Amino acid sequence: MNYMPGTTSLIEDIDKKHLVFLRDGRTLIGYLRSIDQFANLVLHQTVERIHVGKKYGDIPRGIFVVRGENVVLLGEIDLEKESDTQLLQVSIEEILEEQRLEQQGLAGGL
C-alpha cells in the first residue's frame, strides 16, 4: 500500500459506510460517495445520529454535502461490529424530547 498525501488517501474509502463528527457537534452516518481536495464530502443514505445517555435515535437526511472545514473526525464503520452496542435505539420523537430535556437541564444548571 502506497502513501497518498491529503484527501487522496480517502479514495479507497469511497462507497464505504462512515461516521462523521461535525464542528457543531452533530454526528452523521452515511456512505461516502465523493471527496475533493478541500475534504468536502458527499454522503449518501445519511442519518443524523443523536445520543442522549444510553439512548440514540437516527434522523434520515438522505444525500448530505459536508464542507470540509466542518469535519472534526471521519471514520469508517466496521459493518460486522456495527450492531454490537450497549445503546438503545428509540424513535426520532423520543430522542428529540430526551435531547430537549437534557439541554434544558444543562441550561438550568448554569
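Reader: Which residues does I29 touch, not counting residues up to four places away in sequence?

Author: Contact means heavy atoms within 4.5 Å. By that rule I29 touches K17, H18, L19, Q45, T46, V47, R49 and I77. This is a predicted model, in which local features need pLDDT of at least 70 and side-chain atom pairs count only at pLDDT 80 or more, while totals for chains, interfaces and linings use all residues. Residues are numbered from 1 along each chain as its sequence is written, and side-chain values use heavy atoms, with hydrogens and water left out.

Reader: Where is I29 found, and is I29 buried or exposed?

Author: Strands are DSSP runs of E with at least two residues, and helices are runs of H or I with at least four, numbered from the N terminus. I29 is found in strand β2 (residues 27-35). Buried means under 20% relative accessible area, exposed over 50%, and partly exposed in between (1.4 Å probe, protein chains only). I29 counts as buried because its relative accessibility is 4%.

Reader: How many helices and strands does the protein chain have?

Author: The protein chain has one helix and six strands, in the order β-β-β-β-β-β-α along the sequence. Of its 110 residues, 27% count as buried.

Reader: Where does D78 lie, and is D78 buried or partly exposed?

Author: D78 lies in the loop between β5 (71-76) and β6 (88-89). With a relative accessible area of 40%, D78 is partly exposed.
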